[in-house]
Amino acid sequence: MASENVTLPITGMTCANCALNIERNLKKLQGVEDTSVNFASEQASVSFDPEQIEVDDLIKKIKDAGYGIATAKIELPITGMTCANCAMNIERTLNKKVPGVVQASVNFASERATVEYLPNLTSVEEIIAAIRMAGFDAILPDEAGEDEDVELRARRAEIAEQTRKFIVGLLFTLPLFLWSMARDFGLLGGWSHALWVNWVFWALATPVQFYTGWDYYTGGWKSLKNRSANMDVLVAMGSSVAYFYSLTVLLYPALGSHVYFETSAVIITLIKLGKMLEARAKGRTGDAIRKLIGLRPKTATIIRDGKEVEVSLKEVKVGDVLAVRPGEKIPVDGVVLEGNSAVDESMLTGEPIPVDKSSGDTVVGATINSEGFLKFRATKVGKDTALAQIIKLVQEAQGSKAPIQALADRVAAVFVPGVIGIATITFVLWWSLGGEFVPAMIRLVAVLIIACPCALGLATPTAIMAGTGKGAEKGVLFKDSEALEKATKLKTIVLDKTGTLTLGKPTVADVIAFNTSSPVQDKEELLRIAASVEKGSEHPVGRAIIKEAERQGLELFEPEDFKASGGLGVQARINGKLVYVGKPGWFIEMGVDMVAGNKDIQTLQSQGKTLMAVVVEKELAGFIAVADSLKPESKKAVAELHGQGLKVVMLTGDNIQTARTIGEQVQVDDIVAEVRPGEKSMKVKELQGEGHLVGMVGDGINDAPALAQADVGIAIGTGTDVAMETADVILASGNLLGVSRAIQLSRATMRTVKQNLFWAFIYNIVLIPVAAGLLYPLQFLPSILRQLHPILAALAMALSSITVVSNSLRLYRAKIK
């Protein structure tokens, strides 16, 4: 059975090691094929075999590891129950048959069902549908349907709790710190050294240690329980050493007189401030997803029995006829039945110019109807709409791991044990060499506190989230972060001609019939038999010939014995005669005399037209020339790729003369012509064999193998579903300028990732030795560097993560043309 993928929103992670813990735990489950936990987006992407394991097992494993899942809860009034067994039936149905339901309980007496579920896996409508399938009914509450905000509410609740704990910490720490410093600098009288003052310090420090700082103890315990160590372990150890040393001195005055309660309190409060600011900044990296979700209208206007009825968006079904007035959002995807208007699709494609819509055109949900009244039929609703698919793509890309992150993950796995080892060595060395316990202890605490695995863990995922989010705003959708990373290394871009460089809407430009000994006597007859043969073809050129025949009102024949010769042409029997329509070169290979048409071939091909010869019973009957206009932006798009230092190659099945004419217009570097559909991937492979990383841009079914073969496959958004599925990057706008945007974006994102990693590594490489006292012998340096106080270490540690996240957020302000 095919594997399933699920994305689970995680709560309770405090650093990158937590993400690694969850990954390790999930991988232990039989049936889990792959898992990736992103600390920045706080999501776990899991690929699993549904025959061996269920989503509930994944959730249980995450909870057992000490973390939580952001879920929604709803109460539904149930009708149709007659006994307690009915309640049990509904419970079984919801718990066993609806993926995404975490827990369901049904109360027969109150006739209500309480359901806890994952909104990204199931919806209230699907839950109600399952209840109805079981033979009962449920009433949809008015407030249902706001579930997309569940994860956001969970994140906000987390930030609110962190803020509350920070404020409590600040209220106790500020007077403690000021009083303690004033005493140490001799600003207070002798009374300040009395024993009772130390007890007041203890009273002020204790709520900070065990309320504000409790998360570090629970987080550290969770980590140790999972046989690893994270940032919480370092903070808990560092602050506890200072706190419990001070408490010991307080209880046993003979051991010393100076207490360090202010040190432990300030450490916890400063780091809590850092984590609070980090969580807020980290939340902003997910703004792109929330903006996309916010595009969904809440209601829709359905036409029922000739009357307009306003309903909840979730009540819209495929086949419903909807009405949209000027200024309103189009609620779901559909096909226009009546009306003319211009639709603003910029929120999905990044293109500012409204697109004209009339009967037969497709419209996309969440776009804005700018001018006229439209009546359309819904074709895709809910999770099947273009907007839902874009949201899913962006979520998956943000949840994936870029290859460059592997180094940070490897370092993070050994980082905390390594720091504990360095801190222990620092303590032993300074105590043995200096003979004093307190200075050695202060350096131990400074090393534990200054080390920051979080900056390492956030360096890559926050930048990836911001980069893919910015891409979504510009109509560039990366399927995963590996594609984003690879796009920076591309050296060659291969552009398919038809539908990529050209509009992909060929029209018949010339019909030439040979009136000599030909079996076809005029242009109309030539076009009629050619169109009749092409009735069995799906090729754009074939469709253009049929369309022209229909425009002229020609009645077509039914073809018999139809056969297509891949990339060369088609053949069929028309009124008993064998008729071929295809490339001139095909007929030369067949031995057909083409001399009479040589002049026409050269003339038409030099004009950039695609030429199809019509042969009846091995005798040349004439030519049909098809022209496909270049996209307005093609020349500029190729110029921008050149400006980025990329080699541009045009790939086409057309003859070399036609290809050269098009190639010269857009100024590509190289042309590969007369390539059959099945050979496109081979040509891409040949370019890769020259040592180049190749990006392939295409839009059709016959481009899919080449898109898959390329290092980065880029699909034009107006193309086929097959091309979309195969590609690594999708240009939602269908605009070729999106290729250079994708390259710009990937380069800007990876530049930010490298800056973040550099900062995170340099911060730890430089400051851990400083905290350990490496600079102490250098008398010319200020004492603040020679003996780094744990409070300054805590400040530096708090700033390091904020710096990394803030640098990633700069991507949202990056100018992408």
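Which helices each supply at least two residues of the lining of the largest cavity? The model examined here is predicted, and the answer can be followed in it by residue number. The helices are α1 (16-27), α13 (405-434) and α15 (453-473). Among these, α1 gives the largest share of the lining, with three residues.

The lining as a whole consists of Ala16, Ala19, Leu20, Val37, Phe39, Lys401, Gln405, Asp409, Gly457 and Pro461. A search of the whole structure for cavities of 30 Å³ or more returns three. Such a search works because rolling a probe the size of a water molecule over the atoms shows where empty space is left.

The next step is to look at the whole protein. The chain trace, taken through the C-alpha atoms, spans about 125 × 80 × 50 Å along its principal axes. The protein holds 29 helices and 30 strands. Of its 817 residues, 54% count as buried.

Some of the strands can be followed in one sheet. Four strands make up an open sheet, in the order β6-β7-β5-β8, and their pairing is antiparallel. β6 (101-107) and β8 (137-138) each have a single partner strand and stand at the edges, so one side of each lacks a neighbour in the sheet. Between β6 and β7 (residues 112-117), the antiparallel pairing runs over six bridges. One of the residues to look for is Val101, whose bridge partner in β7 is Tyr117.

Glu617 is not a glycine, yet its phi is positive, about 50°. Where does Glu617 lie? Glu617 is in the loop between β24 (610-616) and β25 (619-627). With a relative accessible area of 43%, Glu617 is partly exposed.

Gln667, also a residue other than glycine, has a positive phi near 65°. The loop that holds Gln667 runs between α23 (656-666) and β27 (670-672). The relative accessible area of Gln667 is 49%, so Gln667 counts as partly exposed; the exposed class begins over 50%.

How values were computed
Residues numbered from 1 in each chain as written. Predicted model: local features only at pLDDT ≥ 70, side-chain atom pairs only at ≥ 80, totals over all residues. Heavy atoms only, no water. 1 Å grid on protein atoms, 1.4 Å probe; cavity = no way out; pocket = protein on both sides within 12 Å on 5 of 7 lines; lining within 4 Å. Points joined across faces, edges and corners; volume = space filled by probe spheres on them. Buried < 20%, exposed > 50% of the residue type's maximum accessible area, 1.4 Å probe, protein only. Pairing = 2+ DSSP bridges.
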